[in-house]
Amino acid sequence: MSEHCFFDVLNNHSRKCDCIFTSTSIYRVEDLLELSADIRSSARYNKGACVALSGLNPLQLITAIIALDGYVNGILLLPSTTDKATSDLLLHLAQCTHIVSSKSMVGEPIADFKATSDNGSTLWKLATSGTTGTPKIIEHTLASLSRTVKKGTANANVFHWGLLYDPARYAGLQVVLQALLSESRLTIPDLNEFSAKVSLLGKHGINALSATPSLWRKLLMDFNSEKLHLRQVTIGGEIADQMIINSLEKRFPHARITHIYASTEVGTGFAVTDRKAGFPSVWLDNPKAPVQMRVCKNDRLWIKPVITPQGRAILDRSDPDGYIDTEDLVRVTPDRVFFVGRVSGAINVGGNKVSPELIEETLRQVEGVVDARVYAKKSSIIGQVVAAEIVPLAEMDKILLRAQILAHCQSTLEKWQQPVVINFVKEMEVSGAGKIRRQIV
Amino acid sequence: MRDKILKFMQEIAEESGWQITSDMKDDTVLLESGLDSFGFAVLVVKLEEVLGYDPFTIMEDPYYPRTFGEFVAVYEKYAP
């Protein structure tokens, strides 16, 4: 695989096959190749460039990565929700020379960096918020990203995938690569309303879908999901508990249910298909396991990726044996290993990571708040929500203070970052190490 | 139970600045009532604080309600 770029792989597929479906059009393999060839021929950058893809719709993004893999030195994928400050930082970290956007598919030069010589394999630079909220770049290649993708023609046209994720993020990219590299079909529900997206997925007859547990719950609550007849159900992005696995098993009795452990940092670690939460304990310290894993002190899971991604952020978290600290906390039982949360205390609200420190800082800005502790509260619907304990000034009216806190949070934070539960306490409980306690409740 | 949940929904919507339908019927589709899935999650967390139970963590047969009537029925069924 590694010696072939994305364009060449597609070029070997049946050119007349329908490939991508949207609300208005169907694109064959040859259409994608033509669109990608147009991008190459009109590009204002040369082969040594590092090109950022920003604000593209999913079809534009897919044709751009087909065009640019094997053609430029680097591609930076900026998720659609990236704000200006983060985007500027990522462009700098990735040393981008050009930016491609829906306004300029030919690419505009960025002054800071010059194109270098052609280095061979294109680096796919993915943004991750990491655990501190500071954006970092993780460098992959098409080979590392598609390692677990079932390629070849054996499964050609068997699966029709639906894309519910942003294709500029790791999970969405996996769906795109899985569909395109295995000659399967892909529906991009290019509509705004969730229910309309589900309806379109049903109309095009998708039979494979990947989503977070929160998105799956939302889908199960949607009447249009009755039109879906899935053969492959993939769960990722958040901890998959037994309840969501059972719900999906009941709703899609003929589907293979897979929950995947993957992250931008380690790539796809492993997939579990036995319809049980967690993964088998026998996979730890086992050379025959799907991927090498160990649990180190403090219950942290370390994984040795089959193909190690590159970049400073990875080096900082690797040991000499090539294991990467996932910063995920696990509970090991005789049979299974269960995920319990993040080392940093990062809260996962339906797939959105929230840094407790950031929310605490926001809460302390409110007059009358002496101190704040933010932690994850379990949610049966969306995984976790943000909860806060507040130490108020002694003389403050609590009803008034609560209203002021809510108003401040609503004006400065995203909806999913806002504390859902606010409790007032006299003093903050600290751990033996003097740190705020952040365990999930 | 129906009135209790409805009153609580309106309180949360007001506190959070959400627009929810004033004409909530048993066949109103939850995700079309003005509550999105995050709002629905908030409602379940807050109802647990008041009622002392979350039916979605104790139900043996997993089920996600789609209408307001189904939602109320779940809370009635699993009331302690």
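Predicted model: local features only at pLDDT ≥ 70, side-chain atom pairs only at ≥ 80, totals over all residues.
Helices (H or I, at least four residues) and strands (E, at least two) are DSSP runs, numbered from the N terminus, and two strands pair if DSSP finds at least two bridges between them. Within this pair, A:Ala211 stands opposite A:Ile235 in β12(A).

Both strands belong to an open sheet of eight strands with mixed pairing, in the order β2-β1-β10-β9-β11-β12-β13-β14 (chain A). The edges are held by β2 (26-28) and β14 (267-272) of chain A, each with a single partner strand, so one side of each has no neighbour in the sheet.

Now to the partner chain. The contact takes 25 residues from chain A and 19 residues from chain B, where two residues are in contact if their C-beta atoms, placed from the backbone, lie within 7 Å. On the side of chain B that touches chain A, α2 (37-51) and α3 (55-58) of chain B each supply at least two residues; α2(B) gives the most, with seven residues.

How confident is the predictor? The complex receives an ipTM of 0.92 and a pTM of 0.83. Chain B has a mean pLDDT of 89, and 100% of its residues reach 70 or more; pLDDT is the predictor's confidence in each residue, from 0 to 100.

Residues are numbered from 1 along each chain as its sequence is written, while chains are lettered from A and ligands numbered from 1 in the order in which they are written. Local features need pLDDT of at least 70, side-chain atom pairs count only at pLDDT 80 or more, and totals for chains, interfaces and linings use all residues.
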